Amino acid sequence: LVRSVLGTDAPANFLSQFIFKNPGAWGQPWHQDSFYFPFEPARPVVGIWLAVTEATLENGCLHVLPGSHREPVQVHVPDRRPGANYGYVEIVDHDTDASEPVLMQPGDLLVFDSHLMHRSTDNTSDGVRAAMVYHYAAAGTVDHTEERLGYTVNDWIPV
């Protein structure tokens, strides 16, 4: 699947995350993953979001802005909420009225372009929302994260 989406026979996984959104946890504001990925070439980069638990409106499912994957990376500013999570950024000057929630069952898979604008909402339920998230680009992609941000969490592994 990743090979066909990226259009390469040599994909590499550069970031994998196991996300637990506990009851009461905040959501993440509108953003594009490509903002965090200063790569050459900038595209294609794909995210794979695997629901481990159900993702509902109550437990903070993702919301996406259809068609935004065709747009450039927008201006992102630091998350303006008091006490916001370190490193969270947000898109503030974009119409997101056409957004759609992505309700998922355990085992459902969301595949998305790194330019897709998305967010998650707060977990107002009594349960955990969990997902495994993987990010892929073509092997040989040049990663400028450390030189531009001073750190990196990316660990490139050929698939």
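Predicted model: local features only at pLDDT ≥ 70, side-chain atom pairs only at ≥ 80, totals over all residues.
Let me begin with a definition: helices (H or I, at least four residues) and strands (E, at least two) are DSSP runs, and they are numbered from the N terminus. Residues are numbered from 1 along each chain as its sequence is written, and side-chain values use heavy atoms, with hydrogens and water left out.

I will start with D108, which sits in the loop between strand 7 (100-102) and strand 8 (109-113). Buried means under 20% relative accessible area, exposed means over 50%, and partly exposed lies in between, with a 1.4 Å probe and protein chains only; D108 counts as partly exposed because its relative accessibility is 32%. If contact means heavy atoms within 4.5 Å, then D108 touches W49, L50 and A51, once residues up to four places away in sequence are not counted. There is also a polar atom in the side chain of D108 that lies 2.7 Å from the backbone nitrogen of Q105.

Now to the interior, where a nonpolar core is a set of buried Ala, Val, Leu, Ile, Met, Phe, Trp, Tyr and Cys residues joined through side-chain atoms within 4.5 Å. Which residues have the most contacts inside the largest core? They are W49, A55, L62, V102, M104, L110 and F112, in a core of 13 residues. Two or more residues each come to this core from strand 3 (45-51), strand 4 (62-64), strand 8 and strand 10 (129-138). A second, separate core has six residues, including F14, L15, V45 and A137. In soluble globular proteins, nonpolar side chains tend to be buried together.

Let me close with the lining of the largest pocket. A pocket is an open set of points on a 1 Å grid over the protein atoms alone, where a 1.4 Å probe fits, with protein on both sides within 12 Å along at least five of seven lines, and lining residues have an atom within 4 Å of a point. Of the 32 residues that line this pocket, the closest to its centre are Q17, I19, Q28, Y36 and Y88. Strand 1 (11-21) is among the elements that supply at least two lining residues, and strand 1 gives the largest share, which is five residues.

Conventions. Polar contact = N/O pair within 3.5 Å; in protein donor to acceptor, adjacent residues only side chain to side chain.
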